[in-house]
Amino acid sequence: MSEPFIYDLGSPGRTGVDMPPADVPLTDLPAGFLRQDLPLPEMSELEVVRHYVRLSQLNYAVDKGFYPLGSCTMKYNPKVNERMARLPGLADIHPLQDPATVQGAMQMMYELQQMLAEISGLDAVTLQPAAGAHGELTGVLIMRNAQIARGQGHRNKILVPDSAHGTNPATTTMSGLEVIELPSGPDGNVDVEALRGELDDHVVGLMITNPNTLGLFEQNIVEICEMVHEAGGLVYGDGANLNAIMGIVRPGDLGIDVLHFNLHKTFSTPHGGGGPGSGPVGVVAELAPFLPAPVVGLSEEGDFVWDWPEQSIGRVRAFNGNFGMHVRAYTYIRMHGAEGLRRVSEDAVLNANYIQALLKQRDDYPIPHGDRFCMHELVAQGKIAGAESVHTLDIAKRLIDYGYHPPTVYFPLIVPEALMIEPTETESKDTLDAFVDALTDIAREARSDPELLHSAPQTAPVRRLDEVRAARQPVLARHPEAVSG
Ligand SMILES: *Cc1c(COP(=O)(O)O)cnc(C)c1O
């Protein structure tokens, strides 16, 4: 890596600030405030700007190119969202302000709660959770407390399909409950008979993702929800990606009792390196008393107030959640309107099916459920006939050389060599064509020059990393020995 480390830049005496003359008496800082052992670089403003802009250009971002990272919904983040989030009346307020002074912000939160309730077909929403996984934890704690309130405190199991996102079993375990894994059938749907066999009076509920992570609509969802309810269980919907169903079908109408939304996926707020997440949770009326507190309510006098639901599970987050993300999602929903949101889903599904159809036609990458229409994403396999030494990881790394962020790889776990592709609605046909052409070129390279793929990426700022070691033994300082304990 040739990029200089910031501590090696600048030179003593250089400065990036130009202080006005002091108009108060000068005094020395207490000695303990100044640490001579910290080798802070002395740099001009221009050097600082160049350093960080250069670093940002080494990174990949949705504003730079196509980012078909399945399940992560890397859609374009409209810049109008940013303008709204920076309005002084929204950006410069404090959560401890007297509610009388922030009625507009509270009204926006109240309306966002209502809009999410309407989109999902549920009755009440909390905006507090800070991410999808955090919403899941909130939702499962609500389910568990509701079972206790029903006199069903002995229930201790959550059923989770084997196609689920890893956060589902992790959430269950963190809630002190036991995970029971459900197999998927050959058609990619939950195996209904296996579900029937697990339903007993120890089941708190089922966590289900629809469309599931194979990109398929669970065709038996209504029957599945009825079976769980009959057994006294509740149904949790993993609504991280509503991108296929908004304005078309409402999870609440299908029988879902609790659902989290990822504002940073479906509702276009930036994520990854771009900003904090937000994972609101919606519930049916029976579960509303258990929502985390406070939620924004409307008093009889017409004032927006902080409500504390009677049997609340308590706070799950400081203050009211990631408010700036609420503003961005609110803007996105208002900019689209009901018709527009439906169009988002239709176009997202169309784009994914377009890629699936092209890949099927060219026949380089198997698509295990290619006989069905996919929803907002599709799962192909990096198993190229005639290139047996080439794996999904090689294909993903080679895509970087072609200027694309790779799709999600090796997930869902039930598809060997999975390549999970989610184009989103914001991409043009030209982009989708060029991407599939790149995959076709890579398949040709895989057959003629597999070594090229094994050693990819060739053109990225760093070559292939040992990702496991990077995660387990991160080196976070340039001169670790110089950082005092
Ligand atoms: C992204 C995702 C989650 C988790 O959301 P985070 O905000 O990353 O915690 C859960 N389930 C599914 C299906 C997802 O795609």
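How many nonpolar, polar and charged residues does the shell around the ligand have? In this predicted model, the shell has three nonpolar, seven polar and three charged residues.

**The ligand site**

The ligand is surrounded by 13 residues. The closest of them are Ser71, Gly132, Asp238, His264 and Lys265. Helix 5, which spans residues 132-149, supplies the largest share of this shell, namely three residues.

| Residue | Protein atom | Ligand atom | Distance |
|---|---|---|---|
| Gly132 | polar backbone atom | oxygen | 2.8 Å |
| Asp238 | polar side-chain atom | nitrogen | 2.6 Å |
| Lys265 | polar side-chain atom | oxygen | 2.7 Å |

The ligand taken alone exposes 380 Å², of which the protein buries 87%.

**Helix 10 and helix 12**

Two packed helices are described by the angle between their axes and the distance between the axes. For helix 10 (residues 323-362) and helix 12 (residues 429-448), the axes come within 10 Å and cross at roughly 30 degrees. The crossing of helix 10 and helix 12 is right-handed. On the side of helix 10, the contact is made by Asn351, Tyr354, Ile355, Leu358, Leu359 and Arg362. Helix 12 contributes Lys429, Leu432, Asp433, Phe435, Val436, Asp437, Leu439 and Thr440. Sorted by class, the residues in this contact are eight nonpolar, two polar and four charged.

**Backbone features in loops**

The cis bond that joins Ala293 to Pro294 has an omega of about -5 degrees. Pro412 is placed in the loop between strand 11 (408-409) and strand 12 (418-421). The peptide bond leading from Phe411 to Pro412 is cis, and its omega is near 0 degrees.

A further backbone feature concerns Phe319, a residue other than glycine with a positive phi, near 50 degrees. Phe319 is found in the loop between strand 9 (304-307) and helix 10. Helix 10 is also one of the two helices in the crossing described above, where its partner is helix 12.

Key
Residues are numbered from 1 along each chain as its sequence is written. This is a predicted model: local features need pLDDT of at least 70, side-chain atom pairs count only at pLDDT 80 or more; totals for chains, interfaces and linings use all residues. Side-chain values use heavy atoms; hydrogens and water are left out. Axes are lines fitted to C-alpha atoms, for helices over the stretch in contact, and angles run from 0 to 180 degrees between N-to-C directions. Helices (H or I, at least four residues) and strands (E, at least two) are DSSP runs, numbered from the N terminus. A crossing is left-handed if the near helix is turned anticlockwise from the far one by less than a right angle, and right-handed if clockwise. Contact means heavy atoms within 4.5 Å. Ala, Val, Leu, Ile, Met, Phe, Trp, Tyr, Cys and Pro count as nonpolar, Asp, Glu, Lys and Arg as charged, and the others, Gly among them, as polar. A residue is near a molecule or strand if one of its heavy atoms lies within 4 Å of it. A polar contact is a pair of N or O atoms within 3.5 Å; within protein, one must be able to donate a hydrogen and the other to accept it, and residues adjacent in sequence count only if both atoms are side-chain atoms. Accessible areas come from the Shrake-Rupley method with a 1.4 Å probe; for residues, only the protein chains shown count as cover.
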